[in-house]
Amino acid sequence: MEQTAISESKSNGRIKFIIGGLLIVAAVVYLIISSTKASAQYFLTVDELINKGSSVQGRDLRLSGAVIGDSIQYDPQTLNLTFTIASIPGNNKEIEQLGGLAEVLHQAVSDPNRQRIQVSYNGPKPDLLRNEAQAIITGQIGQDGTFHADELLLKCPTKYEEAVPDQAEGSS
Amino acid sequence: MLANFGYGALLVSLLVSFYGVFAAIYGVRKNKPAWVESARLAMLLTFPLITIAALSLILLLVNGNYELEYVSSVTSNSMPLYLRVTALWGGQAGSLIFWSWLMSAFASAVTLRKWKRDREFLPWVIVVSLVTLAFFLILVIFFENAFERIWRFPSGQFEVAMFQPAGTILATMRDGQGLNPLLRHPGMIIHPPMLYLGFVAFVIPYAFAIAALVTGRNDDRWIRITRRWTLVAWLFLSLGLLLGGRWAYDVLGWGGYWGWDPVEIAAFMPWLTGTAFLHSVMIQEKRGMLKHWNMVLIILTYCLVIFGTFLTRSGVLSSVHAFAQSAIGPLFFGFIGLTFIVSLTLLLQRWDSLKSEAHMTSMLSREALFLLNNLLFLSILVVCFWGVIFPLISELFTGQKVTVGPPFYERATSPLFAGLLLLMGVAPLAAWRHSTAKTLGRAMWKPFIFSVVIGIGLPMVMGVTEWPALLGFWLCAFVLSVTLNEFWRGALARHRRSSENLGLAVWRLAGRNRRRYGGYIIHLGVVLMAIGIIGIELFQTETQGTVPQGGSITLGDYTVTYKSLAIFDTADGRNVARAVLDVEKNGQPVAQLHPRRDFYFESQQQMTIPGVRSTMEDDLYVLLVDWLPATSQGASFKVYHNPLVNWLWLGGLVFILGTLVAAWPDKDPEEAVVPVRHSTYAGADV
């Protein structure tokens, strides 16, 4: 149906569009890769962090561990908060095998041989920060070996368990 | 009793759905219209049936039948009536019933339309709607059953089951755990239904698209029929997103409105493809191009809607393992995968008959710019999708858990959003078919100069020096001047022709061509929102401090003085700590704020409600984060200064208004809106 002259100019036009499209795709791929590199946060356990040592200094990290209650120090005037966390496994399956999160946290806190790391944070003390809570902390490791947190997330396993049987017993 | 009744109604509606699918296919294969009619009636019947189920659940929630596990997990004695009703969508099981209910309402409404001209679509629209509905019904009946009760063994053990296990009695429960306090907010009460309405309504255009593929109708009839459905779906989805943002700002207490959380992104992704679809269907209507593309977009939107429904209620993405533990995860992915493959197969079969009727000739023509707009929306989609699945991919291939947070999304999407703004200014000036740099330049230079003065000059005079902000403000000013100029030109022409006064001319102009001017109003809304977003993203400042009574915290021009703190219990089961703060701006008292913290006894959860002084210029947003309980002398506050954030909400209102204008019914929609295009298929359309 098409005449050759038209189809030629058309294919010319099409090449322009294809090149334009490819350029956009390339730009987007570049954006995604560079942004991923710039803002990726590595999930580490305390063990992994201590093993890696200074190679991860300055990187944005996400660290998970069990809060040791006695170590919590908080100054409400300056909002300076420090505490120590003990290593727990990072893998959920492993945690399940070891008897669930509450059990794993309990063991980590009562075992003095576990690797530990000190965390410092400036800001109000979260209510959930207490002994045997799971802390998920975002921040960087400093040269002094202290983990400087930008963000604190705390989980208390007891609150996340199926509460139905307990509750039912209480009211029946 | 009522639980069994509701559950029974769901079971019957599932059977009716299966029957409807079968009858529709049988009727169309054997060419027996009576069977198709029967399928239509089956479709209609699902609505009252699911209504019965939903009403049963609502009654159980209101009555406080805590022996139902769902009821006890989302309601409690202290909750007022309206919250108990809205607890219907407070948990996963209930919200899936709610979803099915909305779905059946929309699908029934569609079957009630006049089908004269497109009878052949009907059976396939029914099939797609009922298959979708059946999927959700299967979920609520077999996997997430809201009607399950708690049974007690004589030994004191409990079991959750639908029907009485042997040797048990129904547990008596006097109170429930109550709705998550975070969800007890007006924004949160209407936010999920809006989002769900948006999700559900997108099923309709998808159903018509599939019907068009199956029947082999390769014109744009399906697009014209579903234009308003798509707009309505988009309206609700936009409203849902906006309300979610407002809720986060009011309740979550981190001074922001959008956190690039996977759940937020899940609701945002169908909006992106939906927005791309709304733009690109215009090209198909005008020029008969991009037919494959539109099909792909609506298929993607549908899959993302199902994906979004799943994610917004389950939180699977926090971990791969949580996903494996949930029974409905694999089902959802199976369903999405299946519909995706079936839809694409249908599309490939019809690939040749959906050839474009014209070709793009000019890179600067309006259709080319629309295509570029589509590419940008899809690029944002790819960024979002990548961000969501990246942790899973990285864990799968490297064993290393890596996540990307808000900085990733902000960095990767902001150039794309800026590109979209630019297009919003350029595309309305570009001509269809053919447009050159010269013609564009001629149309553009006046608004361009105006926008440089307003968008760059004015902020610089006010002391803004950051180039991203200046670029952003310039883009906003550019779109603003182009769009207002469009209104002005149109109104002036009317004014000259018929000597209407200008106000009336604008009104009639928008009324005559609602789609176009509604679109422009939406663009204006986006610009206002962009101003707010630039303000809060680039100029937000914060500070925190602990002060004694009478002490002050200073942030920018503001000084906040801590006056007093009251701690008291309320009748609805909260312990409230409420601070009184005086706010001064440049030494002048401007407001008194009451940030507070509510502690809910039942759920042992707390909620931080900010005290906000809000003006068009800026918001001062104060959180009460801590206090010394014994003396209540000293307290800690976090203070945010959020410039221009109110423009975001104002823009949201304008945005919704524009969508309403565009979706408002015309007297004769199909002919009035779109002029007949010159194409081989034009005869089939009108």
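How many salt bridges does the rule find across the interface of chain A and chain B? Let's take a tour and see.

This is a predicted model, in which local features need pLDDT of at least 70, side-chain atom pairs count only at pLDDT 80 or more, and totals for chains, interfaces and linings use all residues. Residues are numbered from 1 along each chain as written, chains are lettered from A in the order written, and side-chain values use heavy atoms, without hydrogens and water.

**Stop 1: the interface.** Show chains A and B together. The answer is zero salt bridges (a side-chain nitrogen of Lys or Arg within 4 Å of a carboxyl oxygen of Asp or Glu). On the side of chain A that touches chain B, select α1(A), which gives the largest share, 13 residues (helices are DSSP runs of H or I, at least four residues, numbered from the N terminus). Now select every contact (heavy atoms within 4.5 Å): 42 residues of chain A meet 47 residues of chain B.

**Stop 2: two tryptophans.** Move to chain B and select Trp234(B) and Trp271(B). Their rings form a stacked aromatic pair, 5.8 Å centre to centre with 15 degrees between the planes (rings of Phe, Tyr and Trp, the latter by its six-membered ring, pair with centres within 6.5 Å; planes under 30 degrees apart are stacked, over 60 edge-to-face, the rest tilted). Trp234(B) sits in helix α9 and Trp271(B) in helix α10, 37 residues apart. Both are buried (under 20% relative accessible area, with a 1.4 Å probe and protein chains only).

**Stop 3: a cluster.** Finally, select Trp99(B) and Phe385(B), which are among the members of one aromatic cluster.

Note on methods:
Helix = DSSP H or I, 4+ residues; strand = E, 2+ residues; numbered from the N terminus. Buried < 20%, exposed > 50% of the residue type's maximum accessible area, 1.4 Å probe, protein only.
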